[in-house]
Amino acid sequence: MNIRRIINRPVASHASDATPQVPTYLTLGPLVATFQLTLPPPLSRLTRNASGIGRGATKEAKAWREGNAVLVGASWGQRGALDFPVSVWIHLGLNSMRSDVANFEKATTDLLVHCGVLRDDSATWVRSNHQVYHPGVERGMVKVEVRRAV
């Protein structure tokens with residue numbers, strides 16, 4: 001399927017009235033919460049094989065989650081989990097331009113679930129996830145925006 005055809009598909013029936021249609025997942029919903037976190041460990045360093053129990057979190061992943069849970073908890077407080085679907089935008093201040101931006105989503109959304117911001121990270125509650133390099137975010141940091149899904 002050609003994405004250019006989808007994005008530029010006219011919404012009107014007449015060619016003279018044709019305007020590009022923007023996919024709904026690119027439409028920004030209202031901002032619900034913003035968090036400043038440290039850059040999480042990449043996906044390859046989140047879990048390890050633990051004999052007798054299967055997969056378990058690494059020491060690095062546990063330390064990151066505990067440290068950043070304090071930051072999220074301080075700003076979120078006791079509000080409880082959101083009761084509507086959201087889009088999560090993860091703005092990365094990467095230490096290296098060789099980093100794979102997709103490696104940081106799992107730790108970030110798991111942290112939001114752990115801290116009670118999200119009920120869970122299934123498609124029922126998290127309709128879209130966007131990881132982007134953002135030159136305005138300090139290196140080694142992450143700015144997370146939780147927005148109401150549209």
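How many bridges join strand β4 to strand β6, and do these strands run parallel or antiparallel?

Mentor: Eight bridges join β4 to β6 (residues 141–148), and the two strands run antiparallel. Please note that this is a predicted model, in which local features need pLDDT of at least 70 and side-chain atom pairs count only at pLDDT 80 or more, while totals for chains, interfaces and linings use all residues. Residues are numbered from 1 along each chain as its sequence is written, and side-chain values use heavy atoms, with hydrogens and water left out.

Strands (E, at least two residues) and helices (H or I, at least four) are DSSP runs numbered from the N terminus; two strands pair if DSSP finds at least two bridges between them. β4 also pairs with β5, to which seven bridges join it in a parallel arrangement. His-91 takes part on both sides: Lys-143 is its bridge partner in β6, and Val-132 stands opposite His-91 in β5.

β4, helix α3 (residues 105–114) and β5 form a right-handed β-α-β unit; right-handed means that, with the strands pointing away from the viewer, the path from the first strand over the helix to the second runs clockwise.

Eight of the eight residues of β4 (residues 86–93) are buried, that is, under 20% relative accessible area with a 1.4 Å probe and protein chains only (exposed is over 50%, partly exposed in between). Val-86, Val-88, Ile-90 and Leu-92 cover one face, and Ser-87, Trp-89, His-91 and Gly-93 the other.

In β5 (residues 126–133) lies His-130, which counts as buried because its relative accessible area is 13%.
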